[in-house]
Amino acid sequence: MSGESGNLNRRAAIAAVSFWLPRQTLDNEQLSGRFPEWQVDKITSKTGIRRRHIAGEGETAGDLAFHAAEALFEEYGLSRGDIDFILLCTQSADYILPTTACLLQKRLNIPSSAGALDFNLGCSGYVYGLSLAKGLIGTGAARNVLLLTADTYTRFLHEEDKSCRTLFGDGAAATLISCSSEGWEIGNFVFGTDGGGGPNLMLRNGGSKYPRNTGADERNEAGTFLKNTDYLYMTGPEIFRFTGTVVPALVTDVLERNALSMSGIDWFVFHQANRYMLDMVRQRAGIPADKFLVCLEETGNTVSSTIPIALKTAWSDGRIAPGQKLLLAGFGVGYSWAGCVVGP
């Protein structure tokens, strides 16, 4: 790992972003066929999602992260030898150990002088990753950090859990954070945590506390599936309540932390949970609709990758332009939330 201890507090900026989606998809027509009571138009209008990408058999988060990184290197002509650190945000690591980021170092042919680590966060993970990268660069520990986000949440979903299956998709993103004078400079951060909300979005079994394959389906009197502790469980109303309370306050705090007003932000780029939730937090935070990026129709909720996928998509189609200032906000499982400003 490179070190330049005499050159501290250096500028850290997002220099490049790419993403990768599995080829297999699940669209609303297929879901409606599985759950006839949910018509296609109802799924689309409520979630804002038309299709999700699903990891293929044997395809892991490490695979998706690898392809996202390869796309980044190819698109931007980057040198692997310039990477000083690999950060991988995932909640579906390839193995309990070793760290998937270490395996990606070898697979991507990045020098063994680079540091590498995984960190386990969900929908706030991209913003947390930016803060870790900024810290490495600002203290002189690295010049170029490869931030990877990748998850295969669909592996955690029960076949009959229609609420989760309509939302989540698989995907990965790769971001280069550099000490370069170009790109979106990373500003100041605000963080928050409330572990009391952990049970409202949880995959209980499979860790060291509760073994996998011990759960049983729980159903209501009508036989409708409710939950199984071997699979991801989400208490939708509680997640909605948490988001509606925390995110508007987060926006206010991030603006204050960066000495900005609402008018000083060109785009607000939030974690792309679902359209209904995004509309709610936008209105509660008082954000103009023409400054609020929505980008999940073709991908669904890809957890820690939603923000970089939205950034790359909006940059590619011309909505986000050079010189604009963006407020990024991630929030969800944990409970965990984080926000920052990037731009000139």
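I began with charges over rings: the charged end of R212 sits over the ring of Y231, 5.5 Å from its centre. I applied the criterion that NZ of Lys or CZ of Arg is within 6 Å of the ring centre and within 35 degrees of the ring normal. I also noted K46, which lies over the face of Y276 at 4.9 Å from the ring centre.

I record that this is a predicted model, in which local features need pLDDT of at least 70, side-chain atom pairs count only at pLDDT 80 or more, and totals for chains, interfaces and linings use all residues. Residues are numbered from 1 along each chain as its sequence is written, and side-chain values use heavy atoms, with hydrogens and water left out.

**Aromatic pairs**

I searched the whole structure and found ten aromatic pairs. Rings of Phe, Tyr and Trp (its six-membered ring) pair if their centres lie within 6.5 Å; planes under 30 degrees apart count as stacked, over 60 as edge-to-face and the rest as tilted. I looked up Y153 and F168, a tilted pair with 5.2 Å centre to centre and 50° between the planes. Y153 lies in the loop between β6 (144-151) and α6 (162-165), and F168 in the loop between α6 and β7 (171-178), so the pair ties together parts 15 residues apart in sequence. For element names I used DSSP runs, numbered from the N terminus: helices (H or I, at least four residues) and strands (E, at least two). Both Y153 and F168 are buried, where buried means under 20% relative accessible area, exposed over 50%, and partly exposed in between (1.4 Å probe, protein chains only).

The rings of W184 and W315 have centres 5.5 Å apart and planes at 85°, so I list this pair as edge-to-face. The pair links distant parts of the chain, W184 in strand β8 (residues 184-193) and W315 in helix α9, 131 residues apart. I find W184 buried at 10% relative accessibility, whereas W315 is partly exposed at 37%. I also noted a cluster in which ring pairs link Y128, F189 and F191.

**Helix α9**

I checked the cover of α9 (residues 306-316) and found eight of its eleven residues buried. Among them are I307, I309, L311 and A314. Just after α9, G318 takes a positive phi of about 90°.

**Nonpolar cores**

I defined a nonpolar core as a set of buried Ala, Val, Leu, Ile, Met, Phe, Trp, Tyr and Cys residues joined through side-chain atoms within 4.5 Å. The largest has 40 residues, of which F168, L232, V251, F268, F270 and L327 touch the most other members. Elements that give two or more residues to this core are α7 (236-257), β13 (267-270), α8 (275-285), β14 (326-332) and β15 (336-343). Helix α7 gives the most, with eight residues. Apart from this core lies another, of 37 residues, among them C89, F119, L136 and L311.

I then listed contacts of L327 (heavy atoms within 4.5 Å). Leaving aside neighbours within four places in sequence, L327 is in contact with residues including V251, I265, F268, F270 and C340.

**Strands**

I took two strands as paired if DSSP finds at least two bridges between them. β13 and β14 run parallel and are joined by four bridges; the bridge partner of F268 in β14 is L327. W267 and V269 point one way from β13, F268 and F270 point the other way, and all are buried.

Strand β1 (residues 13-20) pairs with β7 in the antiparallel sense over seven bridges, with W20 opposite A172. β1 and β8 also run antiparallel, joined by two bridges, and I14 stands opposite W184.

**Cysteines**

I found zero disulfides, a disulfide being a pair of cysteine sulfur atoms within 2.5 Å. The sulfur of C89 is 9.3 Å from the closest cysteine sulfur, in C123, too far for a bond. C89 is buried at 0% relative accessibility, and C123 is buried at 7%.

**Backbone geometry**

I noted a cis peptide bond from L97 to P98, with omega near 10°; P98 is in the loop between β4 (85-89) and α4 (100-107). A cis peptide bond also joins G334 and Y335, with omega about -20°, and Y335 lies in the loop between β14 and β15.

A259, although not a glycine, has a positive phi of about 55°; A259 is exposed at 72% relative accessibility. V303, also not a glycine, has a positive phi of about 60°, and V303 is buried at 0%.
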